[in-house]
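Let's work through a few exercises together, one step at a time. Keep the structure open beside you and try each task before reading its solution.

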Amino acid sequence: MSIPTRAAVVESGGAPFTLSDVELDEPGPHEAVVRMVATGLCHTDLGVASGALPFPLPGVLGHEGAGVVEAVGAAVTGVAPGDHVVLSFTSCGGCRDCRGGHPAYCATWLPLNLIGGRRADGTGTISRAGEDLGGHFFGQSSFAERALVDERSLVKVDREVPLASIAPLGCGLQTGVGAVWNVLKPVTGSTVVVLGAGAVGLSAVMAAALTPATDIVAVDRVAERLSLAGELGATHTIDANGTDLAAALADITGGRGADGVVETTGNVGVLRRGVDVLAARGTLVVVGAPPFGTEVALDVNGLLGGKRVVGLTLGDAETQTFIPALVRLVKEGRLPLHRLISTYPFTDIDRAVRDMSEGKAIKPVLTF
């Protein structure tokens, strides 16, 4: 029996989010129905809504959900009705990368999360007036009062932590923290440079502040965000407006360069400058995602000093262990995620989109 709810639907590429009555399919064996309490708004949602990715529209997006489990399928064992959960990406659980603890590189990640709009078996999860909508976004489609969620997207969390304060952990915050902890792994005396001080970049700054890195450098064009970066752990900030990144970083590092760089902007010119300022054996993590097919030119000889350029999806995190650890850090005040969050009623989703697009909000969180 289908489950009625209300969702924010994107009718076509470039169209706004509009609230609409929809129906969820009944949960399958490995699915749960979650009453949403909050969900973060991410640039990935806006990119898909713009029509930049081949997600089937009309559809329901949203992939940083947090809520309370209402019902579970017959084979679900990890959560039960009443549990508080953060929703993240889904994965198959059986391919080599899933079995090896790297589900963000699941062999079926793209169709299951980003462009498929349906379950792995091809069936839909959301309909309106008898017609299927694009759904199953990151296994959740959480821009709705209730969501039908894959078991592998569900992470049980501490009931004492307000769900609106941790909803963004499922994507953006997990990505920024994972770039530092899971890829760069700074050692004592390291220099970490974060290019872009949005939600992902500031998460990387906070993560670096919890490592032995000595110099943590935030780079952006917005003075207010650089100021916030300094409050969150950056030891240096660089205003990219007219400042030569290489010269500024040389002053900070005594000419050595950066041991690690997190590139969050999706701008290939910025990416190239980030590679150029790497120290010997330094690593740049590519997080920002420009349109499909975008290429960047690199100086091949400049790479021969042991430099590495590593692409990253969702922090390369194993969510069942990673997200609860982040929740604990939020609870204890060691990961001040609240400094990034602006809350909006779900009905004000368009205002949240405008504020995010105009840079007025770093991490909008919609509340139900």
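**Exercise 1.** Find where R281 is located, and decide whether R281 is buried or exposed.

*Solution.* Step 1: R281 is found in strand 15 (residues 278–286). Helices (H or I, at least four residues) and strands (E, at least two) are DSSP runs, numbered from the N terminus. Step 2: buried means under 20% relative accessible area, exposed over 50%, and partly exposed in between (1.4 Å probe, protein chains only). Step 3: R281 has 71% relative accessibility, so R281 counts as exposed. Step 4: look at the backbone too, where phi of R281 is near 65 degrees, a positive value in a residue other than glycine.

A word on the source: this is a predicted model, in which local features need pLDDT of at least 70 and side-chain atom pairs count only at pLDDT 80 or more, while totals for chains, interfaces and linings use all residues. Residues are numbered from 1 along each chain as its sequence is written, and side-chain values use heavy atoms, with hydrogens and water left out.

**Exercise 2.** Work out which residues of helix 6 are buried, and how they are arranged around the axis.

*Solution.* Step 1: in helix 6 (residues 223–232), the buried residues are R225, L226, L228, A229 and L232. Step 2: viewed down the helix axis, these residues fall within an arc of 160 degrees, so they line one face of helix 6. The arc is that of the directions from the helix axis to the C-beta atoms. Step 3: their cover includes helix 5 (199–208), strand 12 (215–220) and strand 13 (236–239).

**Exercise 3.** Follow the chain past helix 6 and describe G233 and A234.

*Solution.* Step 1: G233 follows helix 6 and has a positive phi, near 130 degrees. Step 2: A234 lies in the loop between helix 6 and strand 13. Step 3: with 10% relative accessibility, A234 counts as buried. Step 4: not counting residues up to four places away in sequence, A234 touches V205, I216, A218 and A229; contact means heavy atoms within 4.5 Å.
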